[in-house]
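Trainee: Please pick one part of this model and take me through it closely. Keep it brisk, and give me the cut-offs as you go.

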Amino acid sequence: MSWLAQLSPPIRQYMVVTGNYWAFTLTDGALRMLVVLYFYGLGYSPFEIAMLFIFYEIFGVITNLVGGWLGARLGLNRTMNVGLFMQILALAMLLVPASLLTVPWVMGAQAMSGIAKDLNKMSAKSSIKLLVPNDAQGQLYKWIAILTGSKNALKGVGFFLGGALLSLLGFQGAILLMAIALTLVWIASLISLKKDLGKAKNKPKFTDIFSKSKAVNYLSAARLFLFGARDVWFVVALPVFLASTFGWDHWYVGGFLAIWVIAYGIVQSLAPTLTGKAQGKLPDGRHALGWALALGVTPIFIALALDYNWHVEFAVIAGLLAFGAIFAVNSSLHSYLIVSYAGEDGVSLDVGFYYMANAMGRLIGTVLSGWLYQDYGLATCLWFSAGFIGLTALISLGLPKHADSSKKALSSKGNTL
């Protein structure tokens, strides 16, 4: 490990943060697929499956709102390690006998997992800003894109892992293996992560959890509808559609969604190149608007193919791939903008508020995904997705158009909506 000691302290910390995030993401993606496929196999309806995740999303909203404040007061190393430990507890809750895996119990485990996931994500994203100098915005964009893209690629691996482990080890065997692996990661993180990372110099008040930045508020609203547009058809409706309409088994569903998310993560990592960083350009509100408009075309195409029964399998697969590529750029671009916009002292406050909106979008999308698919079908989910993307584009009109001037404006706490 002598090569690790030769790296600069910021890069070593970046690697620790990223490693934590990767390990957590593998278990999070696998757990999502395990729950969807296992309970669908038990005869649960799409809406009932969606309800299993409702506390996951609700507590994600609360955690992001409060977690940013905790990170600023306690330090991001503590919030990240608490997140890892809570995920271990959530997995342990699912190791009870199958007869005790009732809906309320699984919802409780998912609630704990939701808290864990968003503590971990908020901590990881906030940490990166503190490891990059203020005058290195291009480097910040690159590191954020790598962190976000690699995380989503591994989430795709997690989807495949969940489907594969369910087939090979069964539900409890898969859960036990993941709990043991994550415990080892947690112990390593306790030893390696720098103390007091991200702790604010001035202790923020609890009322500071609400952002006072106009641009952060606009970006948060855009993020809410962006992720609602994805999850309204991707979270519950799509896996159930692939299993019921196309007749795919657990391996096929998990494998296909894994490939999709892996490709999505790779595109996210390439987002700086796709948005012009090589030419010295950094994204601003115009980029956010343009990429949102491009994304809106894909759900409309798939919905029309379903409505008119036109090569349905081709349309769903090709449309999903196109949606994933364009969505990846949108997501990576947003992830850079929020870290760039966030204040230096107590960065986790703005980042936490932004990811609260992200979690709210997932919550709305998850509930709608189960309900709309069960009562109206996948095409209706896609029409809602297109509508949400339209709202994302409309809100993006309010984002700053020049990154440099926006950064100055955002440092002023008096700039409010």
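Mentor: Leu391 is partly exposed, at 34% relative accessible area. The model is predicted, with local features needing pLDDT of at least 70, side-chain atom pairs counting only at pLDDT 80 or more, and totals for chains, interfaces and linings using all residues. Residues are numbered from 1 along each chain as its sequence is written, and side-chain values use heavy atoms, leaving out hydrogens and water.

Leu391 lies in helix H14. Helices here are DSSP runs of H or I with at least four residues, strands are runs of E with at least two, and both are numbered from the N terminus. Now look for Ala222. In sequence, Leu391 and Ala222 are 169 residues apart. In space, their C-alpha atoms are 7.4 Å apart.

H8 and H14 pack at about 165 degrees, with their axes 8 Å apart. Axes are lines fitted to C-alpha atoms, for helices over the stretch in contact, and angles between N-to-C directions run from 0 to 180 degrees. H8 and H14 are therefore roughly antiparallel. The classes are: under 35 degrees roughly parallel, over 145 roughly antiparallel, 65 to 115 roughly perpendicular, and the rest oblique. The crossing of H8 and H14 is left-handed. Left-handed means that the near helix is turned anticlockwise from the far one by less than a right angle; clockwise would be right-handed.

Who makes the contact? On the H8 side, the residues include Tyr218, Ala221, Ala222, Phe225 and Leu226. Further along H8, Gly228, Ala229, Val232 and Trp233 take part too. H14 brings Leu391 itself, and among its other contact residues are Leu378, Cys381, Phe384, Phe388 and Ile395. Contact means heavy atoms within 4.5 Å. By class, this contact has 16 nonpolar, four polar and no charged residues. Nonpolar covers Ala, Val, Leu, Ile, Met, Phe, Trp, Tyr, Cys and Pro; Asp, Glu, Lys and Arg are charged; the others, Gly among them, are polar.

Stay with H8. H8 is mostly covered, with 17 of its 21 residues buried.

H8 has another partner, helix H9 (residues 237-244). The axes of H8 and H9 come within 5 Å and cross at roughly 25 degrees. These two are therefore roughly parallel. Val232, Trp233 and Phe234 in H8 meet Ala237, Leu238 and Pro239 in H9. That contact has six nonpolar, no polar and no charged residues.

At 0% relative accessibility, Ser369 counts as buried. Leaving out residues up to four places away in sequence, it touches Asp231, Val232, Trp233, Val235, Val236, Ala237 and Cys381. Of these, Val232 and Trp233 are also in the H8 contact with H14, as is Cys381 from the H14 side.

Back to H14 (residues 378-396), which also packs with helix H11 (residues 285-307). Their angle is about 165 degrees, and the axes are 8 Å apart. That makes H11 roughly antiparallel to H14. Their crossing is left-handed. The contact of H11 with H14 has 18 nonpolar, five polar and one charged residues.

Most residues other than glycine have a negative phi. At 62% relative accessibility, Asn309 counts as exposed. His311 is in the loop between H11 and H12 as well. Its phi is near 40 degrees, again positive in a residue other than glycine. His311 is exposed, at 53% relative accessible area.

Last, the whole protein. It has 15 helices and zero strands. Buried residues make up 59% of its 417 residues. Among contacts between residues at least 6 apart in sequence, 86% join residues at least 24 apart.

Notes: Buried means under 20% relative accessible area, exposed over 50%, partly exposed in between (1.4 Å probe, protein chains only).
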